[in-house]
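Here is a brisk report on one predicted model.

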Amino acid sequence: MAIEKRKGKNGTTYRVNWRNPYTKKIDKSETFSTIAEARKFEGVIKYKLEFEQEFFLPDTYIPPGTLPISELMRLYLEEANMTASTRKMTFYHVRKLLPHLPLVDASDLKRAHIRDAERGMRETGVKQNTVQRRISILKSALNWAVEAEMLEANPVPEYRCRRGEDTKTVPPAPDELARIYAASPAHLKRAILLSYHLGVRVGPSELLALAWEDVDLEGGVLRVWSAKKNHRSILREINLRQPLSNHLRSWAVEDAVDGATHLVHYRGQPIKCLRKSWHAALRAAGITRRVRPYDLRHAFATQALAGGADIKSVADTMGHASTAMIHKHYQHVLDRQKNATLDAVPAFLDPLDESSHAVPVQDQEAPKWKN
């Protein structure tokens with residue numbers, strides 16, 4: 001315990017510091033204007049530390065060895081630093097994950113428990129990507145509990161999901177996209193054109209956040225504020241091709257009348273989700289296979305790479321910090337490009353004709369040497 005002397009704009013102040021007997025962290029009092037007030041408060045704290053330690057018990061304090069997995073996940077959802085949308089999605093995955101985990105204390109969690117949870121989710125038809133995401137949330141919660149001093153250590157450090165069959169949704173082909181577009185309302189048509197031609201992330205982070213103030217029609221540039229996951233590039237500029245630029249000029253005239261501030265809107269108001277209108281358009285277009293709005297972004301990458309675009313340029317346009325994601329998700333397209341590149345190189349030697357074929361060794365006569 002100590003009294004800290006502080007100097008600032010308001011002069012000299014004093015603050016009492018002490019170690020919390022439960023959390024083992026340093027607690028700090030409010031500041032006092034005189035040393036006498038600080039010493040008086042110090043006396044109160046000393047008395048409570050000696051005779052009334054329960055006064056320092058935090059509301060969220062959990063004694064070591066009494067932190068069930070369910071309680072850990074609840075605290076993680078309530079107190080961990082995350083956005084409202086991330087918290088909502090995390091809650092959904094936690095609710096689906098908990099039935100597959102045993103009712104044990106978090107410190108007693110074993111790798112075998114998580115293996116069983118993985119197996120159980122796969123048996124109920126959960127896709128590999130979703131399994132990995134839910135296990136990743138569990139790992140994040142365990143690491144958070146260690147930082148919050150609820151656990152002494154992560155019981156399953158460096159755990160990795162077993163590899164499983166990773167099914168990828170095939171992006172819409174041009175004919176499918178044309179049918180979806182024809183069956184779409186005005187705001188969804190805009191979303192389709194922008195996503196397919198710009199490769200932006202389809203959702204509130206990029207596509208639905210595009211505003212008219214970020215469009216330079218004269219310069220032919222659209223500015224995209226990158227999703228929070230891209231820490232290296234906060235803003236990227238994408239050059240507008242003439243067909244999309246023509247659409248934007250037409251939309252600008254319409255939106256000037258409505259007073260709309262965003263490129264994708266419904267009756268002048270920004271929207272947060274395309275799911276309802278997208279599924280309605282799929283039904284109207286007669287498309288029964290699974291196709292997501294986000295697959296418009298994959299369609300952009302697929303068509304760009306198939307057309308011979310430079311992989312680094314594709315990654316930059318899509319807002320990826322490196323080409324790793326392109327290699328991971330579009331390797332089939334890249335392999336096709338490699339084969340096409342090899343086939344495009346003209347032969348250096350003329351093809352062998354039938355008369356010039358070499359004679360097999362066993363059919364050749366033995367050489368006749370002159371003495």
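Buried means under 20% relative accessible area, exposed means over 50%, and partly exposed lies in between, with a 1.4 Å probe and protein chains only. By that definition, buried residues make up 36% of the 371 residues in the protein.

This is a predicted model, so local features need pLDDT of at least 70, side-chain atom pairs count only at pLDDT 80 or more, and totals for chains, interfaces and linings use all residues. Residues are numbered from 1 along each chain as its sequence is written, and side-chain values use heavy atoms, with hydrogens and water left out.

## Overall picture

The protein has 13 helices and eight strands. Helices (H or I, at least four residues) and strands (E, at least two) are DSSP runs, numbered from the N terminus. A contact means heavy atoms within 4.5 Å. Take the contacts between residues at least 6 apart in sequence: 58% of them join residues at least 24 apart.

The protein exposes about 24000 Å². Carbon and sulfur atoms supply 53% of that area. Accessible areas come from the Shrake-Rupley method with a 1.4 Å probe; for residues, only the protein chains shown count as cover.

## Salt bridges

Side chains of opposite charge can pair when their charged atoms come close. Here a salt bridge is a side-chain nitrogen of Lys or Arg within 4 Å of a carboxyl oxygen of Asp or Glu. The structure holds 16 salt bridges. The table lists some of them.

| Arg | Glu | N to O distance |
|---|---|---|
| Arg 122 | Glu 118 | 3.0 Å |
| Arg 289 | Glu 176 | 2.9 Å |
| Arg 190 | Glu 254 | 3.2 Å |

Arg 122 forms its salt bridge with Glu 118 within one helix. The two residues are four apart in helix 4 (residues 111-123), so about one helical turn separates them. Arg 122 is partly exposed, at 30% relative accessible area. Glu 118 is buried, at 1%.

The salt bridge between Arg 289 and Glu 176 has its closest N and O atoms 2.9 Å apart. This pair links distant parts of the chain, 113 residues apart. Arg 289 sits in the loop between helix 9 (275-285) and helix 10 (295-306), while Glu 176 belongs to helix 6 (residues 174-182). Arg 289 is partly exposed, with a relative accessible area of 29%. Glu 176 counts as buried at 14%.

Arg 190 and Glu 254 meet through their side chains in another salt bridge. Arg 190 lies in helix 7 (residues 186-198) and Glu 254 in helix 8 (residues 242-258), so the pair ties together parts 64 residues apart in sequence. Arg 190 is buried, at 6% relative accessibility. Glu 254 is partly exposed, at 41%.

There is also a network of salt bridges, which links Glu 4, Arg 6 and Arg 15.

## Helix packing

Helix 2 (residues 69-79) packs with helix 3 (residues 84-97) at an angle of about 170°, their axes 10 Å apart. Helix 2 is therefore roughly antiparallel to helix 3. Angles under 35 degrees count as roughly parallel, over 145 as roughly antiparallel, 65 to 115 as roughly perpendicular and the rest as oblique. Axes are lines fitted to C-alpha atoms, for helices over the stretch in contact, and angles run from 0 to 180 degrees between N-to-C directions.

Helix 2 makes the contact through Met 73, Tyr 76, Leu 77, Glu 78 and Glu 79. Helix 3 supplies Arg 87, Thr 90, Phe 91 and Val 94.

## Selected residues

Ser 195 is placed in helix 7. This residue is buried, with a relative accessible area of 0%. Not counting residues up to four places away in sequence, Ser 195 touches Val 200, Val 202, Leu 207, Leu 296 and Phe 300.

His 298 lies in helix 10 and is buried, at 17%. With residues up to four places away in sequence again left out, His 298 touches Pro 171, Arg 292 and Tyr 330.

Ala 284 belongs to helix 9 and is exposed, at 58% relative accessible area. The C-alpha atoms of Ala 284 and Ser 184 are separated by 8.6 Å, although the residues are 100 apart along the chain.
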